[in-house]
Amino acid sequence: MFNESRQQTPLAGLTDGAGAFEHGSPECVTLLEVPFVELINLRGDPEDADFTAAIQNTIGIILPTDPNTTAENDHYCVMWLSPDEWIIRAKGPQADDLPTRLNLALQGIFCAVTDQSSAYSVLQLSGPKARCVLAKGCPLDLHPRVFDTGQCAQSHYYKTSVLLHRPNDGADHWEMIVRRSFADYALRMLMDGMWEYIEGRN
């Protein structure tokens with residue numbers, strides 16, 4: 001009996017199992033899949049000092065409380081979703097079990113920790129034309145004076161809901177977190193939006 005299990009991203013069929021999906025031209029715009037990202041949904045009362053202290057002691061970050069802002073360190077990025085909800089995105093493979101550590105730290109505190117790593121996919125769009133590609137299917141004002149680095153927002157890209165994030169790296173770099181079942185659709189719509197730029201028409 002064959003018992004071996006193997007992780008696959010929802011975009012594995014586009015690469016024939018040859019690694020993460022990547023498409024585009026660095027001079028204009030590049031689309032990259034970030035596979036197997038740890039994503040933890042966190043809910044709690046930001047005015048509960050025990051709750052916020054437990055989070056800070058566990059991941060080393062003070063929870064952001066301003067709408068559509070993020071806070072990050074070398075290991076994690078925390079994105080504000082609502083007054084009592086955040087998503088924690090790990091920046092690399094984690095040697096320990098973050099949901100377990102959070103649950104242990106939060107024992108006796110009214111809150112919720114949910115591992116959503118397998119429910120979502122993370123796509124990265126970068127390059128001078130990245131914002132133009134996103135603007136084709138997203139109704140948000142993505143101009144830097146409105147949507148700056150270190151910010152995030154929930155919206156939609158054409159017909160799928162997304163969480164957009166501009167990392168604090170000062171580059172033309174965007175992240176899109178999308179439900180796993182819509183990852184293929186979102187990626188194909190992004191590729192369609194990229195076509196005029198990577199074909200050298202602009």
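Analyst: A strand here is a DSSP run of E with at least two residues, numbered from the N terminus. T160 lies in such a run, strand β10, which spans residues 160-166. The model is predicted.

User: Why does T160 count as buried?

Analyst: Buried means under 20% relative accessible area. T160 has 1% relative accessibility, so T160 counts as buried.

User: Which residues does T160 touch, leaving out those up to four places away in sequence?

Analyst: They are S155, V178, F182, Y185 and A186. Each counts as a contact because its heavy atoms come within 4.5 Å of T160.

User: Why is strand β2 called largely enclosed?

Analyst: The cut-off for buried is under 20% relative accessible area. Five of the six residues of β2 (residues 29-34) are buried, so the rest of the structure largely encloses this strand.

User: What makes β2 and β8 a pair?

Analyst: Pairing needs at least two bridges found by DSSP. β2 and β8 (residues 120-126) have five, in the antiparallel sense, so they pair. In one of these bridges, L32 has Q124 of β8 as its partner.

User: How do you know that the structure holds zero disulfides? Take C77.

Analyst: A disulfide needs two cysteine sulfur atoms within 2.5 Å. The closest cysteine sulfur to that of C77 belongs to C152 and is 7.6 Å away, too far for a bond. The count for the structure is zero disulfides.

User: What makes β4 and β7 edge strands?

Analyst: The open sheet has five strands, ordered β4-β5-β6-β3-β7, with antiparallel pairing. β4 (70-72) and β7 (112-115) each have a single partner strand, so one side of each lacks a neighbour in the sheet. Neighbouring strands are turned by 20 degrees against each other on average, direction ignored.

User: How do you know that β4 pairs with β5?

Analyst: The requirement is at least two bridges. Three join β4 to β5 (residues 76-82), so these antiparallel strands pair. T70 stands opposite M79 in β5.

User: Which strands of the sheet do α1 and α2 touch?

Analyst: α1 packs against β3 (39-43), β5 and β6 (85-90). The direction of α1 makes about 160 degrees with that of β3. α2 touches β3, β5, β6 and β7, and its direction makes about 170 degrees with that of β7.

User: What describes the packing of α1 on α2?

Analyst: Two packed helices are described by the angle between their axes and the distance between the axes. For α1 (residues 49-59) and α2 (residues 98-105), the angle is about 140 degrees and the axes are 9 Å apart. The crossing is right-handed. α1 contributes A54, I55, T58 and I59 to the contact, and α2 contributes L98, R101, L102 and A105.

User: How does that contact divide by class?

Analyst: Six residues are nonpolar, one is polar and one is charged. Arg counts as charged, so R101 is the charged one.

User: How many helices and strands does the chain have, and what share of its residues is buried?

Analyst: The chain has four helices and 11 strands. Of its 202 residues, 43% are buried. Among contacts between residues at least 6 apart in sequence, 58% join residues at least 24 apart.

Terms used
Residues numbered from 1 in each chain as written. Predicted model: local features only at pLDDT ≥ 70, side-chain atom pairs only at ≥ 80, totals over all residues. Heavy atoms only, no water. Axes fitted to C-alpha atoms, helices over the stretch in contact; angles between N-to-C directions. Left-handed = near helix turned anticlockwise from the far one by under 90°. Buried < 20%, exposed > 50% of the residue type's maximum accessible area, 1.4 Å probe, protein only.
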